[in-house]
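Subject: Handing over a structure

Dear colleague,

I am passing on the structure below, followed by an account of what was found in it. Please keep it open beside you as you read.

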Amino acid sequence: MIMRLAAAGFALVAFLLPLLTARPRALVLTGLVGLLLAAIGVVTLWRWPATAAACVLLVDYAAALWLVAGPPSAVGATIFGLALLGLLQSMELGRTTRRATVDATLVRSQLLGWAGFGAGIAAGVMLLATAARGVASTIPLTVAPFLAAAGALGVLATVATMLRRSHEA
Amino acid sequence: MTWRPTPLVMTLLTVVAWAVCLAVLTARAELLFVALPLVGAMVTLNRRATVPECSASLDVSADRVFEGQTVTVTMSVHATSAVSLVVVRGPLPADTDLASGRHRAAAALRRGEAATWRYEVRCAARGAHDFGTVIVQGRDRWGLRAWERRHVAPRPVHVYPRIAPLRSLPRPAHTQTSIGDYVSPALGEGIEPGDIREFAPGDRIRQVNWRASLRLGSLHVTQRRRERNADVVLMIDTLAAAGPRHETTLDLGVRAAASLATAYLARKDRVGLINYGGTIDWVKPGSGRLQYERVADTLLKATVVFTYVTKDLGFVPPRVLPSHAIVIAVTPLLDPRFAKAALDLAARGFDVVVLAVSPVAVTRAMLKTSPLNALACRLWTLERRAALDTFRRHGLTVCEWNPSEPLERALAGVERRGLRAVAG
């Protein structure tokens, strides 16, 4: 039950964050669709509504950012990302512990884990944003797309390596 | 035992890919930051972590219960190394249900820590259930990798059929030589007074009937009747059954057979059992507590095995069907082959009592109330009545039992024509 509540809380954060960024009525509608999918996921503990809810809420957030067209805000985006991660993980945990007696130690350990990870990621993002702001002025405009492509390739390669290692282990 | 990625990995990858696509489409770098926590969680997959060591144990409060009773299952997990999430799934065999608690439990365990859970299982139906398998599933902190272990240690729990207390039992026509509860017309050692005769050399003083001696003027002794036991063979029909799950005519018949076995064994009779169906198995007559367990263990396994082959009772050894035994045939009369077998036994000189478990009431309980169903049930009842009359015409004692009534009531109404006293 506590995991379902946590998932609902994370979904609510992911719904409210785009509304705080921009307030057109269309965003509320998209957000509500995402929230509805999340609610279906919370009630049934099916995996697909949770994934669909995360994707719809992401579209909602992307639309909000696109409409505002302001300066980039890494902190808000990270909080949104953490909310999505929390939503998906708590749903998975709820699924795993469905119809089970859940020990209090598990809830405590999970909450501490989320808090620690959130703090770590927030600190990392702040450091990254500061470093990026310094480096951005030195990179020529023509080289930037190539750097972005190289970065994307690097991320793909890293994920592929991780998955292969995980499979081998 | 190895880790395997969970479906959550695919979900996270989907959301990350979607975030990157949207970032490119909207040209907003923040969306890459959205993906950062998700990628950060997936980085843990890169770590070559060993599978945590933990052992599970299980304890069941009883290994023999009656239908409807509960057993308490205690499951424990001891973690040798820290486990972020361990889900333990205790046994819940088919035909049992949870009475209290849950058979699944989840916890986070530190190194050397142990956790214990209890739950109660109600054993609804007879049978031998295995409570020996515990499944332990583990996950890492992010739920991205999982492992599973099965701890198997056979722990059978025998669920015996419910027993109804019986006082009125069909009396056997013949008794055997061992001591029992039936008063024989033959005179000998016993408690029941039989006759008075003149004292003869060799008679014991305590046999002297002083009142009669004073009245008649010479010494007279009281003769007593012998007390004998009987051989009872319960023959249960496993050719066919009708009715809802756990309340089929076979289940009801098995309960009736168990109740009869208990009651006859309490009277010091020797009780045997024949399962007559697709396969024939038997327990040769015996007495005592151990015999009850033999009979009950065979009744546990009684199930309908369909066959076109008619089994011949000639295969049953004579020691299983002793002469002068009373044979109580427990049947719903759904298969004519059983009726033929019962008539065959009667023709061979056995004292046969047919306990007919009515399938009409149990079947009617499953059907919707409609005039057509009511008519069909009435016709079926008439057909059964005709079949039972056939038995009566052949001299068999018939006892019809409607399962909605107590078995005691059905047995109390048994009239055994031509049975004045038990022959010695």
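Chain A is divided into domain 1 (2–138) and domain 2 (142–169), where the bounds come from an automatic or database domain assignment, and the centres of these two domains, taken over C-alpha atoms, are separated by 23 Å. Chain B is divided into domain 1 (4–46), domain 2 (54–160), domain 3 (179–228) and domain 4 (231–412), and 65 Å separate the centres of its domain 2 and domain 3, again taken over C-alpha atoms.

Please bear in mind that this is a predicted model, in which local features need pLDDT of at least 70 and side-chain atom pairs count only at pLDDT 80 or more, while totals for chains, interfaces and linings use all residues. Residues are numbered from 1 along each chain as its sequence is written, and chains are lettered from A and ligands numbered from 1 in the order in which they are written.

Helices (H or I, at least four residues) and strands (E, at least two) are DSSP runs, numbered from the N terminus. In chain A, helix α1 (residues 2–21) and helix α2 (residues 25–44) pack at an angle of about 170°, with their axes 10 Å apart; axes are lines fitted to C-alpha atoms, for helices over the stretch in contact, and angles run from 0 to 180 degrees between N-to-C directions. That makes α1(A) roughly antiparallel to α2(A), a term used for angles over 145 degrees. Among the residues that meet here are A:F15 and A:L19 in α1(A), and A:L27 and A:L35 in α2(A), contact being C-beta atoms, placed from the backbone, within 7 Å.

Helix α5 (residues 104–136) of chain A has 33 residues and reaches 47 Å from its first C-alpha to its last, close to the 48 Å expected at 1.5 Å a residue, a span that is 1.5 Å times one less than the number of residues. Its buried residues (20 or more other C-beta atoms within 10 Å of their own) include A:L106, A:F117 and A:V125, and the buried residues of α5(A) pack against elements of both chains, including α4 (74–96) of chain A and α2 (30–43) of chain B.

Chain B holds an open sheet of 6 strands in the order β17-β16-β15-β18-β19-β20, with mixed pairing, where strands pair if DSSP finds at least two bridges between them. The edge strands are β17 (280–286) and β20 (397–401) of chain B. Strands β18 (residues 326–331) and β19 (residues 351–357) of chain B run parallel and are joined by 6 bridges, with B:V352 as the bridge partner of B:V327.

Best wishes

Notes. Buried ≥ 20, exposed ≤ 12 C-beta atoms within 10 Å, placed from the backbone. Contact = placed C-beta atoms within 7 Å. Parallel < 35°, antiparallel > 145°, perpendicular 65-115°, else oblique.
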